[in-house]
Amino acid sequence: MENFIEKTCPFCKTVITESDTVTICPSCGIPHHQSCWEENHGCATCGCSVQKNDVQHTNTTIFCAHCGASLSDGHAFCPKCGKKIELSINPGVNSTIDQYDTNIEDGKKAKTTKPLMAIIAIAVIAISVLVAPKLFVSVEDLCAQGQYEKAYEKANTDEKLEIKAENAAAVQSAFSADNLKDPDSFVLRDAYYNEGNNDDGTLNKQLVLRINAANSYGASVSSYWLYSWDDEEDTWKYFCSVSDLDNEEVSNYDDYEELWEKELNNIGRYAIKNTMNDGIKLSKDSVTRINAMFEEGILDEVELLDVD
């Protein structure tokens, strides 16, 4: 048969032909005529004396094309000489050849699988780096970035009011800073928020900011800024700012403008006190986030939430 390598039986010194049944020594792998092995009770090369019933008698042996050693099914390289296997066979070995081909094909599949697994691993890493942070970003982080709409959507019911309050404080803090004599001196100290419905069903909201800023002499002073919600225009309106919460006394010597300003400020003080007493006070973290956005120059970019 094609590629059959002739071997000489070490006992009888005659050539083993394709039609002969051979016995393969389980120790050294040298083929013998079956009859010679049985007559001499073992191997002529290494002296192995395996009993008759324990040795392999076959006429479907695979031999190495380089050194002639017998091979087991599925070997890709000869265990004796190390050369890549070029099949040399006896008749009737179709099943052995099929097995050999199957092993080679499995090897190809294994090589194909490794790059595929590497691609999957890279994809998992990419998802972890690019997608996971977006999935697991906290409400607090979104607020710190000025993304209040996303923060509001992600927040639970108990958090939504606080986010509305912080958003309003952030937007009106930007307005307050822009209207200071020294805008760069702006520092938010506290903020208070209160909302409810008027008797006619319209929404009533109040916002108080306690701000530190430099006065005309460069000294840092504190003041309260009051904002009211205009339900018709759907926006916050500045009402007044006062340095303290004690009502101003009206004097007979006050002119019309002074009288009007004092009355207006006193009304504002009343609303400020009610907001501070009845509303919620922003947390220190909220105040810190607003001041940080002001320092980073992104406070003016914060948009007012469009929620009731």
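Rings of Phe, Tyr and Trp (its six-membered ring) are treated as a pair if their centres lie within 6.5 Å; planes under 30 degrees apart count as stacked, over 60 as edge-to-face and the rest as tilted. By this rule, six aromatic pairs are found. The structure is a predicted model, in which local features need pLDDT of at least 70 and side-chain atom pairs count only at pLDDT 80 or more, while totals for chains, interfaces and linings use all residues. Residues are numbered from 1 along each chain as its sequence is written, and side-chain values use heavy atoms, with hydrogens and water left out.

One of the pairs is formed by Y227 and Y238, which are edge-to-face because their ring centres are 5.9 Å apart and their planes stand at 70 degrees. Helices (H or I, at least four residues) and strands (E, at least two) are DSSP runs, numbered from the N terminus. Since Y227 belongs to strand 11 (residues 220-230) and Y238 to strand 12 (residues 235-242), the pair ties together parts that are eleven residues apart in sequence. Burial is assigned from relative accessible area: buried means under 20%, exposed over 50%, and partly exposed in between (1.4 Å probe, protein chains only). Y227 is buried, at 0%, whereas Y238 is partly exposed, at 39%.

A charge sits over a ring if NZ of Lys or CZ of Arg is within 6 Å of the ring centre and within 35 degrees of the ring normal. K205 lies over the face of W229, 3.8 Å from the ring centre, and the charged end of K160 is placed over the ring of Y152, at 4.3 Å from its centre.

The protein contains seven helices and 13 strands, and 36% of its 308 residues count as buried. In strand 11, eight of the eleven residues are buried, so this strand is largely enclosed by the rest of the structure. Two strands pair if DSSP finds at least two bridges between them. Strand 10 (residues 203-214) runs antiparallel to strand 11 and is joined to it by nine bridges; A213 has V221 of strand 11 as its bridge partner. The hairpin of these strands has five residues between them, and G218 takes a positive phi near 90 degrees there. Strand 11 also pairs with strand 12, in the antiparallel sense, over seven bridges, and W229 has W236 of strand 12 as its bridge partner. In this second hairpin, with four residues between the strands, D234 takes a positive phi near 60 degrees.

A nonpolar core is a set of buried Ala, Val, Leu, Ile, Met, Phe, Trp, Tyr and Cys residues joined through side-chain atoms within 4.5 Å. The largest such core has 38 residues, of which Y148, I163, L207, L209, I290 and L299 touch the most other members. Among the elements that give two or more residues to this core are helix 4 (148-154), helix 5 (157-178), strand 10, strand 11 and helix 7 (284-296). Helix 5 provides the largest share, eight residues. Contact means heavy atoms within 4.5 Å. Beyond its neighbours within four places in sequence, Y148 is in contact with residues including I163, A170, I290, M293 and L305. A second, separate core of nine residues includes Y192, L226, V242 and A271.
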